[in-house]
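Here is a short briefing on one protein chain. Keep the structure open beside the text and check each point as you read.

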Amino acid sequence: MNAKQTAQHSRIAVVTGAGSGIGRSVAVELLRAGWSVALAGRRTQTLEETAALAPEGTGGASIAVRTDVSQPDDVAALFAATVDRFGRVDLLFNNAGTFGPGGVPVEELPYDAWRHVVDTNLNGAFLCAQAAYRQMKEQDPQGGRIINNGSISAHTPRPHSVAYTATKHALTGLTKSLSLDGRPYGIAVGQIDIGNAATDMTARMGTGALQANGEVAPEPVMDVADVARTVRHMAELPLAANVQFATVLATAMPYVGRG
């Protein structure tokens, strides 16, 4: 099956940070639903492990593309590989991110650590969105969807999370601007803000996380598969409809009323 035939039979997604956590769960959910997916991440081995989790015979194909989203050349190569293999891009799940050094007070945070978080979470999201936007604007039929992975921290910070929180607030501005600018070209842009999905990043929640009052307390988590199903719902809406912002969180996590 050539690229044009593949595009006619399957919607095409790019998922960044697909080698673990939320990105892996979303990629597998899309593959199971028949999407073809370009899996992007820093380590080819973990991307191939993600691809192997999708059951055979679902109709979706995948490619693994080693990508550092903070590097413009890597991002360009990712989208070129996707279009070369599948013919178009219908969805970008802009997921790659890092929390950075956790628990470091602002006055002690090294500039290099700040810059690494900004380069990955914000600059990387912009580069991927820009590449997706260009492709979606030019392809035929025109249009597509971008879903940015925000965070509960896009609304309310945790203690000692200045770099992560600043980038997630910035992602909200990126989402709004892209959503507005994409209207003439059928490009729908939304954001999912996630709280305490059970991944390696949140493993410490079960033993205790620093709270705003200075106490350390365990927090509940939710199944990451619930996040994946939400992203799939957002992704499969017709382009005439858009979930602008969605918040999915563990029901009893200390977010509403945090302080």
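A residue counts as buried when its relative accessible area is under 20%, as exposed when over 50%, and as partly exposed in between. Asn196, with a relative accessible area of 7%, is therefore buried. This is a predicted model. The points below cover the sheet, the backbone, the aromatic pairs, the salt bridges and a surface patch.

**Sheet**

- An open sheet of 7 strands runs in the order E3-E2-E1-E4-E5-E6-E9, with parallel pairing.
- E3 and E9 (245-249) are the edge strands, and each pairs on one side only.
- From one strand to the next, the twist averages 15 degrees.
- Strands of a sheet pair through backbone hydrogen bonds, either parallel or antiparallel.
- Strand E2 (residues 36-41) pairs with E3 in the parallel sense over 5 bridges.
- Gly41 stands opposite Arg66 in E3.
- Strand E3 spans residues 62-66 and has two faces. Ile63 and Val65 make the covered face. Ser62, Ala64 and Arg66 make the uncovered one.
- E5 and E6 also pair in the parallel sense, over 6 bridges. Gly144 has Ile187 in E6 as its bridge partner.

**Backbone points to check**

- Which peptide bond is cis, with omega near 0 degrees? The bond from Asp140 to Pro141 is.
- Pro141 sits in the loop between H5 and strand E5 (144-149).
- His160 is not a glycine, yet has a positive phi of about 55 degrees. His160 lies in the loop between E5 and H6.
- His160 has 36% relative accessibility, so it counts as partly exposed.
- Asn196 is not a glycine either, and has a positive phi of about 65 degrees. The loop between E6 and strand E7 (209-210) holds Asn196.
- Is Asn196 buried or exposed? Asn196 is buried, at a relative accessible area of 7%.

**Aromatic pairs**

- The structure holds 2 aromatic pairs.
- Phe99 and Tyr164 form a tilted pair, 4.7 Å centre to centre, with 40 degrees between the planes.
- This pair links distant parts of the chain, 65 residues apart. Phe99 is in the loop between strand E4 (91-94) and helix H5 (111-138), and Tyr164 is in helix H6.
- Phe99 and Tyr164 are buried.
- Tyr133 and Tyr185 form an edge-to-face pair, 6.1 Å centre to centre, with 80 degrees between the planes.
- Tyr133 lies in helix H5 and Tyr185 in the loop between H6 and strand E6 (187-195), so this pair ties together parts that are 52 residues apart in sequence.
- Tyr133 has a relative accessible area of 16%, so it is buried. Tyr185 is partly exposed because its relative accessible area is 24%.

**Salt bridges**

- How many salt bridges does a search of the whole structure find? The search finds 10.
- Side chains of opposite charge can pair when their charged atoms come close.
- Glu29 forms a salt bridge with Arg232, with the closest N and O atoms 3.2 Å apart.
- That pair links distant parts of the chain, 203 residues apart. Glu29 is in helix H2 (residues 21-32) and Arg232 in helix H7 (residues 224-235).
- Glu29 is buried, at a relative accessible area of 13%. Arg232 is partly exposed, at 29%.
- Glu29 and Arg232 also belong to a network of salt bridges that links them with Arg11 and Glu236.
- Asp74 forms a salt bridge with Arg66, with the closest N and O atoms 3.0 Å apart.
- Arg66 is on the uncovered face of E3. Arg66 counts as partly exposed, at 43% relative accessibility.
- Asp90 and Arg88 meet through their side chains in a salt bridge of 2.8 Å, N to O. Both of these residues are buried.

**Surface patch**

- Val106, Tyr111, Trp114 and Val162 make a nonpolar surface patch of about 390 Å².
- Val162 is found in helix H6 (residues 162-182).

Note on methods: Residues are numbered from 1 along each chain as its sequence is written. This is a predicted model: local features need pLDDT of at least 70, side-chain atom pairs count only at pLDDT 80 or more; totals for chains, interfaces and linings use all residues. Side-chain values use heavy atoms; hydrogens and water are left out. Patches are made of residues with over 30% relative accessible area and no salt bridge: like charges are joined within 9 Å, nonpolar side chains (Val, Leu, Ile, Met, Phe, Trp, Tyr) within 5 Å. Accessible areas come from the Shrake-Rupley method with a 1.4 Å probe; for residues, only the protein chains shown count as cover. A salt bridge is a side-chain nitrogen of Lys or Arg within 4 Å of a carboxyl oxygen of Asp or Glu. Helices (H or I, at least four residues) and strands (E, at least two) are DSSP runs, numbered from the N terminus. Rings of Phe, Tyr and Trp (its six-membered ring) pair if their centres lie within 6.5 Å; planes under 30 degrees apart count as stacked, over 60 as edge-to-face and the rest as tilted. Buried means under 20% relative accessible area, exposed over 50%, partly exposed in between (1.4 Å probe, protein chains only). Two strands pair if DSSP finds at least two bridges between them. Axes are lines fitted to C-alpha atoms, for helices over the stretch in contact, and angles run from 0 to 180 degrees between N-to-C directions.
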